[in-house]
Amino acid sequence: MRKTSATWKIYRTRFLIKARQLTQPLLFVDALGREHCGQPGDYLVESSDGARRIAPRLIFEDVYVAMGPADELWPAPRQPGGEVEGSRRSRTPQHAAMPT
């Protein structure tokens with residue numbers, strides 16, 4: 001794979017994403033068969049589930065706020081049907097939680 005963009009940085013809106021600005025044109029087909037096409041200046045965006053897409057520069061820079069460089073702590077993609085670590089809550093019967 002050719003180097004088509006700069007280093008990854010962390011950005012935020014409502015959700016954290018990882019993105020890098022393209023330095024040359026990029027065309028790819030995602031896992032769902034959708035074609036993505038970007039030009040220099042656009043952003044290659046990766047969600048925490050590993051999905052990638054292209055965001056036009058003007059829209060991306062209007063929506064996202066840079067948080068800093070990405071590191072190895074970026075969440076690994078979730079496995080289909082797998083439970084997210086720490087997502088299990090202890091279930092207390094509702095009547096036990098109510099004051100008497």
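Helices (H or I, at least four residues) and strands (E, at least two) are taken here as DSSP runs and are numbered from the N terminus. On this basis Cys 37 is found in strand S4, which spans residues 35-38. The model is a predicted one, in which local features need pLDDT of at least 70 and side-chain atom pairs count only at pLDDT 80 or more, whereas totals for chains, interfaces and linings use all residues. Residues are numbered from 1 along each chain as its sequence is written, and side-chain values use heavy atoms, with hydrogens and water left out.

The protein chain has 2 helices and 7 strands, and from the N terminus on its elements follow the order β-β-β-β-β-β-α-β-α. Of the 100 residues of the protein chain, 25% count as buried, where buried means under 20% relative accessible area, exposed means over 50%, and partly exposed lies in between (1.4 Å probe, protein chains only). The accessible surface of the protein chain comes to about 8,100 Å², with 53% of that area belonging to carbon and sulfur atoms; such areas come from the Shrake-Rupley method with a 1.4 Å probe, and for residues only the protein chains shown count as cover. Contact is taken to mean heavy atoms within 4.5 Å, and among contacts in the protein chain between residues at least 6 apart in sequence, 43% join residues at least 24 apart.

Cys 37 and Leu 26 are 11 residues apart in sequence, with a C-alpha to C-alpha distance of 5.7 Å in space. When neighbours within four places in sequence are left aside, Cys 37 is in contact with Leu 26, Leu 27 and Ile 54. Ile 54 is in turn the bridge partner, in S6, of Leu 44. Strand S5 (residues 43-47) and strand S6 (residues 52-55) pair in the antiparallel sense over 4 bridges, pairing being assigned if DSSP finds at least two bridges between two strands. The hairpin of S5 and S6 has 4 residues between the strands, and in this hairpin Gly 50 takes a positive phi near 95°.

The largest nonpolar core consists of 8 residues in all, namely Tyr 11, Ile 17, Ala 19, Tyr 43, Val 45, Ala 55, Phe 60 and Tyr 64. The elements that give two or more residues to this core are strand S2 (16-21) and S5. A nonpolar core is defined as a set of buried Ala, Val, Leu, Ile, Met, Phe, Trp, Tyr and Cys residues joined through side-chain atoms within 4.5 Å. Not counting residues up to four places away in sequence, Ala 19 touches Thr 7, Trp 8, Lys 9, Tyr 11, Tyr 43, Leu 44, Val 45 and Phe 60.

Tyr 64, a member of the largest core, is placed in the loop between H1 and strand S7 (65-69) and is buried, with a relative accessible area of 15%. The side chains of Tyr 64 and Arg 53 are joined by a polar contact of 2.8 Å. A polar contact is a pair of N or O atoms within 3.5 Å; within protein, one atom must be able to donate a hydrogen and the other to accept it, and residues adjacent in sequence count only if both atoms are side-chain atoms. Tyr 64 and Phe 15, which are 49 residues apart in sequence, are 9.9 Å apart in space, C-alpha to C-alpha.

The structure holds 4 salt bridges, a salt bridge being a side-chain nitrogen of Lys or Arg within 4 Å of a carboxyl oxygen of Asp or Glu. In one of them, Asp 30 is joined to Arg 34, with the closest N and O atoms 2.8 Å apart; Asp 30 is buried at 13% relative accessible area, whereas Arg 34 is partly exposed at 47%. The side chains of Glu 46, in strand S5, and Arg 52 also meet in a salt bridge, at 2.8 Å from N to O. Here Glu 46 is buried, with a relative accessibility of 10%, and Arg 52 is partly exposed, with a relative accessible area of 32%. Arg 57 forms a salt bridge with Glu 61, for which the closest N and O atoms are 3.1 Å apart. Both residues of this pair, Arg 57 and Glu 61, lie in helix H1 (residues 57-63), 4 residues or about one turn of the helix apart, and they are partly exposed, Arg 57 at 34% and Glu 61 at 39% relative accessible area. Through salt bridges that share partners, Lys 18, Glu 46 and Arg 52 are joined into one network.
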